[in-house]
Amino acid sequence: KMKVLALFILAICLVQGQPGMPKKLNKDHLCAACRATVTELHKKIGSKVSETRLLQELDGICAWDNFRVYEFPPPTMKQACESFLGDHEDLVEKEMMKSAGKSLDDLKQTICIDKSKVCKGIDIDKKQQPSVYMDGKPMETQAKSDKEL
């Protein structure tokens, strides 16, 4: 019984102590996740949108690997993606099905600002500088905009 209890406590400590996991998601996280999710879906499904293909891509879109180049660390982006899709998956599915011929910027505008409103009131041109540490000291970085990626 002591081994089981020790393993349980260790598991809780590991989950609580994951770097990059915010204590609570805020509007900036959800906006970044919306924009990144739409970007990744647009890349994966291209101009040939089918419901089957879209549903397959939606199923795995919140994977860490999809969020390595965005404003927040992958664990935060994954958590925010899951939260965003938990509330807006039907909207994303509907708008992506109508996406043929639409630009990525138009899709992000429609889904993230106009319809879901997760980016409403957020200055999306202002980029958060990523936190990069070397030898325990913060390092200067340059954030790339969506257009540079």
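Visitor: At roughly what angle do the axes of α2 and helix α4 cross, and within what distance do they come?

Guide: In this predicted model, the axes of α2 and α4 (residues 74-97) come within 8 Å and cross at roughly 60 degrees.

Visitor: Why are α2 and α4 called oblique to each other?

Guide: Their axes cross at roughly 60 degrees. Angles under 35 degrees count as roughly parallel, and 65 to 115 as roughly perpendicular; α2 and α4 are therefore oblique to each other. The crossing is right-handed.

Visitor: Which residues of α2 meet α4?

Guide: Among them are L30, A33, T37 and L41 in α2, which meet a set in α4 that includes A80, S83, F84 and M96.

Visitor: What makes L30 partly exposed?

Guide: L30, which lies in helix α2 (residues 27-45), has a relative accessible area of 22%. Buried means under 20% and exposed over 50%, so L30, at 22%, is partly exposed. L30 touches L25, A80, S83, F84 and V118, not counting residues up to four places away in sequence. L30 and C81 are 51 residues apart in sequence, yet 7.1 Å apart in space, C-alpha to C-alpha.

Visitor: How do you know whether N66 is buried or exposed?

Guide: N66, in the loop between α3 (51-60) and α4, has a relative accessible area of 11%. Buried means under 20%; therefore N66 is buried.

Visitor: What does the side chain of N66 reach?

Guide: The N66 side chain reaches the backbone oxygen of G60 at 3.5 Å. Leaving aside neighbours within four places in sequence, N66 is in contact with E40, K44, G60 and I61.

Technical notes:
Residues are numbered from 1 along each chain as its sequence is written. This is a predicted model: local features need pLDDT of at least 70, side-chain atom pairs count only at pLDDT 80 or more; totals for chains, interfaces and linings use all residues. Side-chain values use heavy atoms; hydrogens and water are left out. Helices (H or I, at least four residues) and strands (E, at least two) are DSSP runs, numbered from the N terminus. Buried means under 20% relative accessible area, exposed over 50%, partly exposed in between (1.4 Å probe, protein chains only). Contact means heavy atoms within 4.5 Å. Axes are lines fitted to C-alpha atoms, for helices over the stretch in contact, and angles run from 0 to 180 degrees between N-to-C directions. Angles under 35 degrees count as roughly parallel, over 145 as roughly antiparallel, 65 to 115 as roughly perpendicular and the rest as oblique. A crossing is left-handed if the near helix is turned anticlockwise from the far one by less than a right angle, and right-handed if clockwise. A polar contact is a pair of N or O atoms within 3.5 Å; within protein, one must be able to donate a hydrogen and the other to accept it, and residues adjacent in sequence count only if both atoms are side-chain atoms.
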